Amino acid sequence: MNARVTDGERGVSVRRATARDAKRLTHLVRTSRAYEGPYAPMIAGYRVGQDYIETHEVYVAVGPDGRVLGFYALILNPPELDLMFVADSAQGLGVGRLLMTHMKHEARAAGLDSVRIVSHPPAEGFYLSVGARRTGTVAAHPPAVMWDRPELELPTE
């Protein structure tokens with residue numbers, strides 16, 4: 001679905017990311033408060049490149065002023081939500097739920113019944129609240145990931 005999806009109340013729309021979004025998406029990841037403290041090494045030097053955007057299903061939520069409020073990246077094979085970030089200033093405004101609704105629609109359109117999510121531990125509650133169920137735990141992989149992470153499955157229906 002390459003059409004825009006809109007949250008009419010807030011004027012937030014979801015559109016396909018373009019290579020020109022790469023710097024803004026990288027900035028959103030690197031400045032996320034969700035990755036402060038012990039989680040900081042995981043995103044240190046992280047970059048969302050133009051090639052990544054062109055290779056994967058990457059969509060951005062954009063405010064009425066054109067500001068990027070969040071994004072997600074869906075890998076189709078094997079089906080996995082690779083990245084999902086909402087700007088700190090947009091937390092609690094429904095942007096994450098809008099992105100997840102859009103992602104489920106895209107996954108269904110691609111013929112997927114479910115999508116795997118390896119969650120940042122503090123985000124597990126959010127994914128459970130949008131219909132995911134816990135299927136296991138992914139062990140830490142030092143030095144990049146120093147903690148175990150919840151593994152979830154999100155049905156697309």
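**View 1. The whole chain, as an overview.** Buried residues (under 20% relative accessible area, with exposed meaning over 50% and partly exposed in between; 1.4 Å probe, protein chains only) account for 46% of the 157 residues. This is a predicted model, in which local features need pLDDT of at least 70 and side-chain atom pairs count only at pLDDT 80 or more, while totals for chains, interfaces and linings use all residues. Numbering starts from 1 along each chain as its sequence is written, and side-chain values use heavy atoms, with hydrogens and water left out. Five helices and eight strands make up the list of elements, taken from DSSP runs (H or I of at least four residues for helices, E of at least two for strands) and numbered from the N terminus. Read from that end, the order is β-β-α-α-α-β-β-β-α-β-α-β-β. The radius of gyration, taken over C-alpha atoms with a globule rule of 2.2 Å times the number of residues to the power 0.38, is 15 Å, which agrees with the value near 15 Å for a compact globule of 157 residues. Along the principal axes, the C-alpha atoms fill a box of roughly 40 × 30 × 30 Å.

**View 2. Inside the nonpolar core, around Met100.** A nonpolar core here is a set of buried Ala, Val, Leu, Ile, Met, Phe, Trp, Tyr and Cys residues joined through side-chain atoms within 4.5 Å. The largest one has 47 residues, and Leu25, Phe71, Leu81, Met100 and Met103 have the most contacts inside it. Zoom in on Met100 and, beyond its neighbours within four places in sequence, you find Leu81, Met84, Ile117, Phe126, Tyr127, Val130 and Leu154 in contact with it. In soluble globular proteins, nonpolar side chains tend to be buried together.

View 3. Val130 sits between α5 (124-129) and β7. Residues up to four places away aside, Val130 touches Arg97, Met100, Lys104 and Leu154. Its C-alpha atom is 15 Å from that of Pro150, 20 residues apart along the chain.

View 4. Asn77 and Pro78 are joined by a cis peptide bond, with omega at about -5 degrees. Pro78 belongs to the loop between β4 (68-76) and β5 (79-86). Glu80 is in strand β5 and, with a relative accessible area of 18%, is buried. Leaving out residues up to four places away in sequence, Glu80 touches Ala73, Leu74, Ile75, Val115, Arg116 and Val118.

**View 5. Leu98, on helix α4.** The helix spans residues 95-109. Leu98 has 13% relative accessibility and so counts as buried. Val12 is 86 residues away from Leu98 in sequence, yet their C-alpha atoms are 8.7 Å apart in space.

**View 6. Ala140, in the loop from β7 to β8.** Ala140 lies between β7 (133-138) and β8 (149-155). With a relative accessible area of 24%, Ala140 is partly exposed. Neighbours within four places aside, Ala140 is in contact with Val145, Met146, Trp147 and Asp148. From Ala140 to Gly49, 91 residues apart along the chain, the C-alpha separation is 25 Å.

Methods
Contact means heavy atoms within 4.5 Å.
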